Amino acid sequence: MYPKQLYQSLSIYNKNRDNFRDIKIAIYDQLAVDSDIENIDALFNTLIIKDIFYICKKLKIEISYNSSHPEFFYILGFVAYLVNANHLISGLQGNDLETKIKITDYFDNMKEIQLPSGFILKALDIKSNAFLLKAYKEFIIQFSHSVIAADQNISNNEMSAITEITSQVNSGEFGDLIVENNVVASNSTTNNIVGNSAGQKNEKDEKIEDVLAELESFTGMEGIKRDVRSLINLLKIQKQRESQGLSVLKPSLHMVFTGPPGTGKTTIARVMGRVFKALGVLEKGHIIETDRSGLVAGYVGQTAIKVDEVVQRSLNGMLFIDEAYTLSPSDGQDSFGQEAIDTLLKRMEDNRDSLVVIVAGYEEEMQRFIESNPGFKSRFNKYISFDDYKPEELIEIFKSIVQKNKYTATIELISLLQDKFSELYNSRTKSFGNGRVVRNLFEKIVENQSNRLASMDSALTDQDLQTLLADDFPNN
């Protein structure tokens with residue numbers, strides 16, 4: 001019924017998605033350091049939803065399944081995208097009562113969780129992370145403005161409420177949280193919250209066969225799958241030798257991932273974490289993702305502290321450093337980057353039994369980076385190369401995204417995409433986005449579909465809501 005509002009909520013989610021990830025990493029140790037990463041993700045989403053509840057309270061917006069206001073649909077759509085419940089979006093587009101009841105029931109469950117709003121802002125403030133604090137403040141203000149604009153009729157009371165929200169955000173008084181002694185919440189409190197979150201379960205102990213089955217389902221990556229299976233076989237046999245009292249080879253598990261963006265490096269890193277946990281190599285197997293900005297500070301002596309914090313969060317799991325070569329520019333004139341490298345090498349040695357590090361980036365740059373640092377060269381001897389996806393593989397990725405999001409694509413649309421992907425592949429440069437190109441194109445097609453459906457006067461059927469047509473293909 002309100003596809004335009006639902007698309008707008010998708011737009012603001014996509015705009016802030018990367019910042020949400022970075023914020024979660026930045027305040028990881030103030031969430032629940034003893035909890036598994038899957039529950040941390042769920043808890044972080046709950047924190048954002050709590051802030052949305054606070055905004056709704058200030059704007060006097062009631063969250064109720066029988067509401068027909070555009071603001072309500074905007075909020076429902078955003079939360080559905082946030083918690084990866086895209087299968088509910090088509091129900092919202094069709095104004096399906098059962099779908100609205102499901103999401104509002106979810107909201108009611110969220111309200112019962114004893115976690116105050118304002119947690120994220122306070123945590124970022126305590127961390128003195130000015131960039132992410134500014135980004136999250138902008139999200140709250142932008143989200144509030146977007147909500148009241150959803151019905152294209154902004155009242156004086158709503159503007160007054162926005163002014164109050166903005167003032168609270170900028171003064172540090174947003175939300176219901178009271179912070180004492182620079183402590184946002186104790187580990188026991190956050191662990192209780194995680195355990196009681198609606199629909200959230202403790203991560204099960206996966207069998208290695210289950211992880212391998214998921215790996216095999218990925219499009220392409222045949223060489224990568226072979227490399228991973230080979231490493232698993234090595235670890236399995238060494239484990240069996242150990243159980244029979246034989247000498248054991250303990251290979252270095254640190255890895256170098258090389259290749260262009262969008263080829264699945266982060267995805268495979270997460271799989272490796274689960275592999276190592278399933279085999280008993282790592283206790284948790286979670287992954288902390290970072291880059292130069294997460295490791296290097298602007299003042300002498302501060303970089304070592306930042307590296308220590310990131311490593312501490314990664315213990316018993318994996319540290320994934322994207323574009324790692326930026327720590328050591330080709331001119332060699334970067335003392336801060338070198339401090340990060342030296343500190344990281346020391347921590348890798350100190351925690352060699354409880355930490356796996358993966359460094360990633362373009363092939364040539366990573367080769368130079370490893371060769372220029374003897375400490376890295378001796379520790380990283382496993383290279384996994386990621387190639388550009390071929391046009392037919394890009395099509396398979398698109399079909400997978402379509403299916404996952406409960407859409408269907410017509411043959412005519414697929415034909416247009418085949419031509420487009422062939423064109424992009426043949427003219428690709430070093431920075432070709434691969435899977436990211438597919439995701440961006442899918443989102444543009446869904447946007448065009450939403451605009452097409454919004455202009456229709458007749459009632460929308462499930463088929464209308466789920467079908468992507470050639471007419472939805474972007475012209476530019």
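Is asparagine 316 buried, partly exposed or exposed? Hold that thought, and I'll come back to it.

Okay, ground rules. What you see is a predicted model, where local features need pLDDT of at least 70, side-chain atom pairs count only at pLDDT 80 or more, and totals for chains, interfaces and linings use all residues. Residues are numbered from 1 along each chain as its sequence is written, and side-chain values use heavy atoms, with hydrogens and water left out.

So, the overall picture. We've got 21 helices and seven strands; those are DSSP runs numbered from the N terminus, with at least four residues (H or I) for a helix and at least two (E) for a strand. Of the 476 residues, 50% are buried. Buried means under 20% relative accessible area, exposed means over 50%, and partly exposed is in between, using a 1.4 Å probe and protein chains only.

Now the inside. In soluble globular proteins, nonpolar side chains tend to be buried together. Here, the largest nonpolar core has 49 residues, and Phe398 is one of those with the most contacts inside it. A core like that is a set of buried Ala, Val, Leu, Ile, Met, Phe, Trp, Tyr and Cys residues joined through side-chain atoms within 4.5 Å. There's also a second, separate core of 45 residues, and Leu10 and Tyr136 are among them. Back to phenylalanine 398: leaving out residues up to four places away in sequence, its partners include Leu417, Phe421 and Phe442. Touching, or contact, means heavy atoms within 4.5 Å.

Asparagine 316 counts as partly exposed, because its relative accessibility is 24%. You'll find asparagine 316 in the loop between helix H14 (302-314) and strand E3 (317-322). Most residues other than glycine have a negative phi. Asparagine 316 isn't a glycine, yet its phi is positive, about 70°.

Which other residue has a positive phi, of about 50°, although it is not a glycine? That's glutamate 323, which sits in the loop between E3 and H15. Glutamate 323 is partly exposed too, since its relative accessible area is 39%.

Last stop, asparagine 351, in the loop between H15 and E4. Buried or exposed? Asparagine 351 is buried, because its relative accessible area is 18%. Apart from neighbours within four places in sequence, asparagine 351 is in contact with Val311 and Leu315.

That's my tour, thanks!
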